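Open the model in your viewer and get ready to click along. We will select one part after another and see what is there.

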Amino acid sequence: MKAAVLLDAHSMTIEDVPVPVPEKGEVLLKVHSCGICGTDMEFFENGTYNPPTILGHECSGTIEKLGPGVKGLKPGDRVVVNDLFSCGACDFCRRGLENLCSQAANLGIHWPGAFAEYTKAPARSLFRLPESISMHDGALIPTLAVGHHASRRAPLSPDVKTLIIGAGPIGLSILVALKMAGVRNVVVSDINERSRTIAKKVGASAVVDPSTEDLPERLESLLGSQPRLVFEAVGKPGTILEAMEVVERGGTVVVVGNCFEEIVVNPITWILKEINIHASQATSSEDLATAIGWMAAGKIDPASFITRTISLDELPGVMRGLTAAKSDIKIIVNI
Ligand SMILES: [Zn+2]
Ligand SMILES: [Zn+2]
């Protein structure tokens with residue numbers, strides 16, 4: 001089968017590789033569409049620890065073949081994948097915290113990913129895609145689910161004054177989740193003009209450009225106070241510290257953006273403000289199911305997120321270009 005293989009940092013080629021064989025409890029999928037995620041870009045930029053790797057984890061497809069012991073699914077079923085594979089049996093899974101599973105493994109990191117004609121996944125990680133959702137749009141479901149999960153990490157109410165830092169796919173997904181939950185006042189901050197425009201379209205009550213405007217000052221004039229709830233969806237030390245700085249005393253900061261860098265901080269500033277700091281990790285079944293429900297009910301316009309659709313052959317070239325210019329929100333690869 002054809003697959004985009006990452007050999008090393010900045011080195012991705014289209015190769016012919018063997019089709020995966022579904023083992024007990026697993027399913028072979030014919031991949032239809034797969035979104036490019038920030039994680040894929042991170043690996044493309046810095047390489048992975050287990051090369052060669054097939055990246056890609058935000059995928060939709062049809063079931064090609066069932067491994068031994070799989071029940072309730074059949075070839076031809078249209079599905080979307082929860083890319084964080086959980087065991088379903090550990091203490092965390094039993095408590096509904098599949099995203100914290102002690103046996104967790106990721107599609108496109110630990111398992112060969114979906115930038116390929118076929119991929120395989122545990123049957124328990126698949127969700128049926130209703131006919132009303134196209135396979136192409138279905139590849140956006142995992143991203144929306146991340147936003148839903150982050151929103152569940154915060155105390156929400158219709159009148160909680162909220163700031164989202166970063167309007168990439170994750171920040172916008174959080175915005176969607178907050179609008180669905182009826183949160184009225186959500187300000188979005190991003191240095192990218194295209195992202196701010198899309199945030200307005202998706203339902204932000206106001207947008208701020210922190211590169212030209214004073215964020216705390218703008219928040220004061222927009223909200224009448226500092227926000228009681230802040231989502232950090234960039235994953236950089238500077239924006240995490242900014243979130244802690246602008247949140248109101250007694251407020252909550254949800255850290256969603258994956259940050260791999262160390263932060264130097266004097267905790268007394270957080271203690272004096274008694275900030276609640278929550279982290280948000282990936283998604284659970286509940287988040288995928290909710291995101292599918294939103295899209296099936298026509299409550300989301302996938303076109304506002306998906307800024308480009310490309311072919312698998314185009315992927316290596318597009319990945320090389322992406323690291324330079326970040327003007328896209330979500331790119332979908334049609335296999
Ligand atoms: Zn992802
Ligand atoms: Zn588990």
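**Before you click**

This is a predicted model, where local features need pLDDT of at least 70, side-chain atom pairs count only at pLDDT 80 or more, and totals for chains, interfaces and linings use all residues. Residues are numbered from 1 along each chain as its sequence is written, chains are lettered from A and ligands numbered from 1 in the order in which they are written, and side-chain values use heavy atoms, with hydrogens and water left out.

**Stop 1: two domains**

Colour residues 2-144 together with 283-334 as domain 1, and residues 154-279 as domain 2. These bounds come from an automatic or database domain assignment. The C-alpha centres of domain 1 and domain 2 are 28 Å apart. Where they meet, 14 residues of domain 1 are in contact with 15 residues of domain 2; contact means heavy atoms within 4.5 Å.

**Stop 2: the zinc ion called ligand 2**

Which residues coordinate the zinc ion (ligand 2)? Select Cys 87, Cys 90, Cys 93 and Cys 101: their SG atoms coordinate the ion at 2.3 to 2.4 Å. Donors are N, O and S atoms within 2.8 Å of the metal (3.2 Å for Na, K and Ca), and sites may look incomplete because water is not among the atoms. Along the sequence, the donor residues of the zinc ion (ligand 2) follow the spacing C-x2-C-x2-C-x7-C.

Why is the arrangement around the zinc ion (ligand 2) tetrahedral? Its four donor atoms subtend angles of 103 to 118°, and four donors count as tetrahedral if all angles lie between 85 and 135 degrees. For comparison, the ideal angle for four tetrahedral donors is 109.5 degrees.

Cys 93 is buried at 9% relative accessible area, and Cys 101 is buried at 6%. Here buried means under 20% relative accessible area, exposed over 50%, and partly exposed in between (1.4 Å probe, protein chains only).

**Stop 3**

Cys 37 sits in the loop between strand 3 (26-35) and helix 1 (38-46), while Glu 58 is in strand 5 (residues 58-66), so the pair ties together parts that are 21 residues apart in sequence. Helices (H or I, at least four residues) and strands (E, at least two) are DSSP runs, numbered from the N terminus. Cys 37 and Glu 58 are both buried.

**Stop 4: Phe 43**

Select Phe 43 in helix 1. Is Phe 43 buried or exposed? With 14% relative accessibility, Phe 43 counts as buried. Leaving aside neighbours within four places in sequence, Phe 43 is in contact with Leu 6, Thr 48, Leu 55 and Ile 109.

**Stop 5**

Show strand 1 (residues 2-8) and strand 2 (residues 11-16): they run antiparallel and are joined by six bridges. Two strands pair if DSSP finds at least two bridges between them. Leu 6 stands opposite Met 12 in strand 2. In the loop between these strands you will find His 10, with a positive phi near 65°. His 10 is partly exposed, with a relative accessible area of 40%.

**Stop 6**

Next, display the open sheet of six strands in the order 13-12-11-14-15-16, with parallel pairing. Its edge strands are strand 13 (206-208) and strand 16 (276-279), each pairing on one side only. Strand 14 (residues 229-232) and strand 15 (residues 252-255) pair through four bridges, and Val 230 has Val 253 as its bridge partner in strand 15.

In strand 12, pick out Ser 189, which is buried with a relative accessible area of 2%.

**Last stop: a cis bond**

Finally, zoom in on the peptide bond from Pro 51 to Pro 52, which is cis, with omega near -5°. Pro 52 lies in the loop between helix 1 and strand 4 (53-54).

Definitions and conventions
Tetrahedral: all angles 85-135°; square planar, octahedral: opposite > 155°, others 65-115°.
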